[in-house]
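User: Hi! I'm new to this one and would like a friendly tour. Could you show me what we have?

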Amino acid sequence: MVYALGKDNSEGQLGLGHIYPRDVPELILSLKDAGERIDYLECGFKHCVAKSSLGKMYTWGWGAKG
């Protein structure tokens, strides 16, 4: 399971399905619902990329600089 938190979520970069900041960790439900284990996660300037155990890639946030 992957959790996210942060003060800036203006571009959805926390992957929570909204743009509100979070002070405490919140489960990223879309990754949980996919039913796969996340093996690798990388975050950059307002975006994130995750790779699952099945080799699938998931991305979210602002893609202009990613």
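Analyst: Happy to! One term before we start: a contact here means heavy atoms within 4.5 Å. Leaving aside neighbours within four places in sequence, E36 is in contact with L31, S52, L54, K56 and Y58. Please keep in mind that this is a predicted model.

User: Where does E36 lie?

Analyst: E36 lies in the loop between α1 and β3.

User: And is E36 buried or exposed?

Analyst: E36 is buried, because its relative accessible area is 13%, and buried means under 20%.

User: Which side chain does the side chain of E36 make a polar contact with?

Analyst: That of Y58, and the polar contact is 2.8 Å.

User: Let's zoom out. How many helices and strands does the chain have?

Analyst: There are one helix and five strands. Starting at the N terminus, the elements come in the order β-β-α-β-β-β. The radius of gyration is 11 Å, close to the 11 Å that the globule rule gives for 66 residues, so the chain is as compact as a globular protein of that length.

User: What box do the C-alpha atoms fill?

Analyst: Roughly 30 × 25 × 15 Å, taken along the principal axes.

User: How much of the chain counts as buried?

Analyst: Of the 66 residues, 29% count as buried. The chain exposes about 4600 Å², and carbon and sulfur atoms supply 55% of that area.

User: What about confidence, what pLDDT does the chain average?

Analyst: The average is 91, and 97% of the residues score at least 70. Among the elements, β2 has the highest mean pLDDT, at 96, while helix α1 (residues 29–34) has the lowest, at 88.

User: Now the strands. How many bridges join β3 to β4?

Analyst: Six bridges join them, and the two strands run antiparallel; β3 covers residues 38–44 and β4 covers residues 47–52. As one example of a bridge, I38 has S52 as its partner in β4.

User: What sits between those two strands in the hairpin?

Analyst: Two residues do, and in this hairpin K46 takes a positive phi near 65°.

User: Which residue has a side chain in polar contact with that of K46?

Analyst: S10 does, with a polar contact of 3.5 Å between the side chains. S10 and K46 are 36 residues apart in sequence, yet their C-alpha atoms are 8.2 Å apart in space.

User: Nice link! Where does S10 lie?

Analyst: You'll find S10 in the loop between β1 (3–6) and β2 (22–27). S10 is partly exposed, with a relative accessible area of 37%.

User: What does S10 touch, if residues up to four places away in sequence are not counted?

Analyst: On that count S10 touches I19 and K46. There is also a polar contact of 2.8 Å between the side chains of S10 and D8.

User: Which backbone nitrogen does the side chain of H18 reach?

Analyst: The one of Y20, at 3.1 Å. Apart from neighbours within four places in sequence, H18 is in contact with N9, G12 and E26.

Terms used. Residues are numbered from 1 along each chain as its sequence is written. This is a predicted model: local features need pLDDT of at least 70, side-chain atom pairs count only at pLDDT 80 or more; totals for chains, interfaces and linings use all residues. Side-chain values use heavy atoms; hydrogens and water are left out. Helices (H or I, at least four residues) and strands (E, at least two) are DSSP runs, numbered from the N terminus. Buried means under 20% relative accessible area, exposed over 50%, partly exposed in between (1.4 Å probe, protein chains only). A polar contact is a pair of N or O atoms within 3.5 Å; within protein, one must be able to donate a hydrogen and the other to accept it, and residues adjacent in sequence count only if both atoms are side-chain atoms. pLDDT is the predictor's confidence in each residue, from 0 to 100. Two strands pair if DSSP finds at least two bridges between them. The radius of gyration is taken over C-alpha atoms; the globule rule is 2.2 Å times the number of residues to the power 0.38. Accessible areas come from the Shrake-Rupley method with a 1.4 Å probe; for residues, only the protein chains shown count as cover.
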